Amino acid sequence: CAASRQAACGASCIPVPWLCDGEQQCPDGTDEQCGCECCSVPPVCGAKKVQCPGTHHCIPHWELCDRHQDCEDGWDEEGCPQQPCLPWQWQCRNRVCIMSEWKCNGIDDCGDSSDEDVCAPCPRGMVRCDEGKCILESLMCNDEDDCLDGTDEPSTCGELHVAAGTAHSHNCLSAYSCQVCSARVDIRSGDLYWLAFLHLSCPRTHVPCRDGTECVAQEYVCDGEKDCADGSDEDGCAQLCDTPGQPAPCQSDEYPCGLGACLNASLVCDGQRDCADGSDEGGNCSAPCQQSCAHLCYPSPQGPRCWCSSGYRLADDGLSCTEIDECTEQGGEACSQTCLNTPGSYNCSCLPGYLLEPDGRICKLTGPEPLLLVAVQSEVLSYGLRSGREEVLLAADKDRVVFSLDYDLVERKIFWMDLATESIRWQGLDSGKKGTLVKGVKSDCIAVDWLGRNLYWTDGAAGQVLASRLGATWRGTPEYAVVMDGDLDQPHSLVLQPLAGLLYWSEVGSHPRLMEATMDGSRRHVLLARGLGWPTALALDLPTWRIFWLDEKLGSIGSAHLDGTGVKVLQLSWVRSPFAAAVCEGQLYWSERKAWSVQQVDKASGKNRTVLLKRYGQPHGLQPFPVVAMLIHAILAGTNGCANSNGGCAQLCLPNP
């Protein structure tokens with residue numbers, strides 16, 4: 001058993017918090033034979049928490065009837081007094097209030113799908129789960145629970161129900177390839193029907209693969225990587241319209257074959273059929289090149305053509321060549337950090353503290369293995385991003401929930417929001433000392449300015465951003481300042497850029513937006529106010545000067561330059577309930593509360609999703625463990641006015657660069 005997290009229980013292991021909790025889990029009862037030190041422990045969950053029936057999950061009293069389902073079966077929200085919604089809102093079955101216009105928008109805004117249950121039937125090619133949401137027919141009986149309640153994986157998978165109560169054994173494979181086989185469940189009767197389909201109905205942000213088994217995001221079509229199992233998302237890309245000023249599907253030194261493939265121009269009219277359809281031979285191949293081409297001329301079945309060297313594009317006149325700026329056109333996909341355009345090519349480079357990989361594109365951190373700090377229930381874990389090694393760094397009391405967290409790399413302290421006591425607490429990793437920074441606060445997000453020596457937090461209910469000195473000690477009276485107040489509409493996630501003295505935050509009220517201000521609250525302006533639903537998780541990628549967000553309402557990952565330009569949004573179905581996010585090297589990490597997991601994707605493409613952690617308890621706070629590179633950045637580019645001698649202030653210093 002893992003010594004820090006588990007205890008032996010006969011031939012198996014149980015979590016340490018289950019020891020001496022008043023309920024016997026081991027057959028021989030050894031988990032409750034803990035000695036006198038446990039005699040005073042209240043049964044099961046302790047005095048400050050209640051137990052979800054039939055589970056070992058404990059929740060604080062204040063989570064009862066808070067309009068958020070904390071027990072898996074929703075017991076904590078049953079029998080609660082009715083609280084009317086405002087006139088412009090609509091009340092869900094679980095008593096949550098949502099905006100009226102969100103009803104029947106195809107998204108589960110309530111959390112229990114009651115805002116979609118009352119709507120029209122699912123679109124063609126989709127079926128409705130018992131919980132209310134619609135899923136693709138192709139997801140039925142695929143051995144994965146795509147419905148949260150498992151409706152899509154009934155025990156009757158593999159049988160054909162001709163009519164209610166009449167079943168005939170029928171294997172899909174005997175009649176069709178399973179790539180063109182689907183199933184439909186009649187929710188009311190429980191009958192399952194196999195059917196073959198020729199056309200798949202996909203969401204408007206996705207396109208169907210040719211074999212009809214799946215949908216892929218529009219951004220993945222003709223991106224050079226096969227995302228459909230049959231590769232149809234990359235077929236015919238050379239036949240797409242070539243819009244002037246935009247990259248051509250085939251480069252100017254390539255010849256488009258009739259079936260969509262691209263062929264090096266030197267292989268055209270060489271007497272050998274290199275295109276599958278032979279379109280690279282015959283025709284006017286014998287016509288001599290007599291055009292005034294800026295670079296080169298090659299024969300083709302359509303007659304002589306000019307072509308350009310690699311890194312150049314044929315101009316509209318068909319003769320001259322223009323240089324391609326790969327850094328601008330390819331964005332973050334060209335280089336993971338710094339991109340320098342050169343004649344006919346480009347070069348990638350890395351910031352101090354990073355090393356360029358052999359592929360010439362990706363920058364990797366040097367020095368110790370980068371780590372990710374993760375808050376799961378009452379523990380803070382470190383996760384090795386290369387080795388996958390887990391280690392418990394901090395274990396709070398069992399009745400505490402470590403919510404948002406951040407790290408002070410100067411004094412090596414972890415700060416976290418303790419919801420049970422409404423306080424911000426800290427613990428030193430080297431000394432093990434603990435303390436309380438401030439009490440009487442409610443916050444969804446905290447952030448450490450390790451350079452200016454302050455800690456900031458948001459108060460969504462009050463519409464405020466506040467700050468306190470990192471060295472403050474709780475003495476019975478609050479020692480903090482209100483940085484911003486007034487017109488903030490439910491501020492939620494918060495990230496800092498200590499090197500520039502800037503802070504960024506998201507607002508999830510009636511008009512969601514991303515905001516920027518200096519750390520003293522001045523020079524406030526809107527970074528982005530369109531195309532947002534609930535941007536609940538923010539992360540900064542300082543090497544590329546971009547801000548990333550995960551949108552719980554829209555199920556998307558977005559990013560933009562720190563000036564609000566270059567917006568890129570990826571619709572990804574697995575983004576459901578993001579809480580916190582972090583960027584390290586080429587990956588985006590985030591915590592999923594409903595899936596009890598920490599996941600990662602490629603930050604540029606949204607591909608290669610991996611579940612890093614999945615364990616008992618909801619993950620909340622997430623932070624990349626600081627590395628030497630951050631200190632180097634501070635030396636080279638730091639403009640935080642409070643970094644030296646507290647800016648000359650006797651108490652709180654707020655940077656204003």
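Reader: Which residue in β29 is the bridge partner of D408?
Author: K413 is the bridge partner of D408 in β29. Keep in mind that this is a predicted model.

Reader: Which strand is D408 in?
Author: D408 is found in β28, residues 402–408. That strand and β29, residues 413–418, pair in the antiparallel sense over five bridges.

Reader: D408, buried or exposed?
Author: Buried. Its relative accessible area is 0%, and the cut-off for buried is under 20%.

Reader: What does the side chain of D408 reach at 3.1 Å?
Author: The backbone nitrogen of V410.

Reader: And which residues is D408 in contact with, leaving aside neighbours within four places in sequence?
Author: K413, F415, V448, W450, R453 and L470.

Reader: F415 then. What is F415 in contact with, on the same terms?
Author: Leaving aside neighbours within four places, F415 is in contact with S404, L405, D406, D408, R425, W426, L437, I446, V448, L455 and L470. F415 is also among the residues with the most contacts inside the largest nonpolar core.

Reader: How many residues does that core have?
Author: The largest nonpolar core has 51 residues. Besides F415, those with the most contacts inside it are L372, V402, I424, L455 and W457.

Reader: Which strand gives the most to this core?
Author: Strand β25, residues 371–376, with six residues.

Reader: Back to the sheet. What is the strand order around β28 and β29?
Author: β28-β29-β30-β31, an open sheet of four strands with antiparallel pairing. β28 and β31 stand at the edges with a single partner strand each, so one side of each is left without a neighbour in the sheet. Neighbouring strands are turned by 25° against each other on average, direction ignored.

Reader: How many bridges between β30 and β31?
Author: Five, between β30 (residues 423–428) and β31 (residues 434–439), in the antiparallel sense. W426 stands opposite G435 in β31.

Reader: New topic. What is the order in the sheet that holds β44?
Author: β44-β45-β46-β47. This is also an open sheet of four strands, with antiparallel pairing. β44 (578–584) and β47 (610–614) have a single partner strand each, so one side of each has no neighbour in the sheet.

Reader: How many bridges between β46 and β47?
Author: Four, in the antiparallel sense; β46 covers residues 597–602. V598 stands opposite L613 in β47.

Reader: Where is R593?
Author: In the loop between β45 (587–592) and β46. R593 is buried, with a relative accessible area of 13%.

Reader: What does UniProt annotate at residues 348–363?
Author: The unreviewed entry has "domain: EGF-like" there. In the model that stretch is 0% helix and 38% strand. Its end C-alpha atoms are 9 Å apart.

Reader: Last one, the whole chain. How many helices and strands?
Author: Four helices and 48 strands. Of the 657 residues, 48% count as buried. Among contacts between residues at least 6 apart in sequence, 35% join residues at least 24 apart.

How values were computed
Residues are numbered from 1 along each chain as its sequence is written. This is a predicted model: local features need pLDDT of at least 70, side-chain atom pairs count only at pLDDT 80 or more; totals for chains, interfaces and linings use all residues. Side-chain values use heavy atoms; hydrogens and water are left out. Two strands pair if DSSP finds at least two bridges between them. Helices (H or I, at least four residues) and strands (E, at least two) are DSSP runs, numbered from the N terminus. Buried means under 20% relative accessible area, exposed over 50%, partly exposed in between (1.4 Å probe, protein chains only). A polar contact is a pair of N or O atoms within 3.5 Å; within protein, one must be able to donate a hydrogen and the other to accept it, and residues adjacent in sequence count only if both atoms are side-chain atoms. Contact means heavy atoms within 4.5 Å. A nonpolar core is a set of buried Ala, Val, Leu, Ile, Met, Phe, Trp, Tyr and Cys residues joined through side-chain atoms within 4.5 Å. UniProt positions are given in the numbering used here, feature names are shortened, and annotations may be inferred rather than shown by experiment. Axes are lines fitted to C-alpha atoms, for helices over the stretch in contact, and angles run from 0 to 180 degrees between N-to-C directions.
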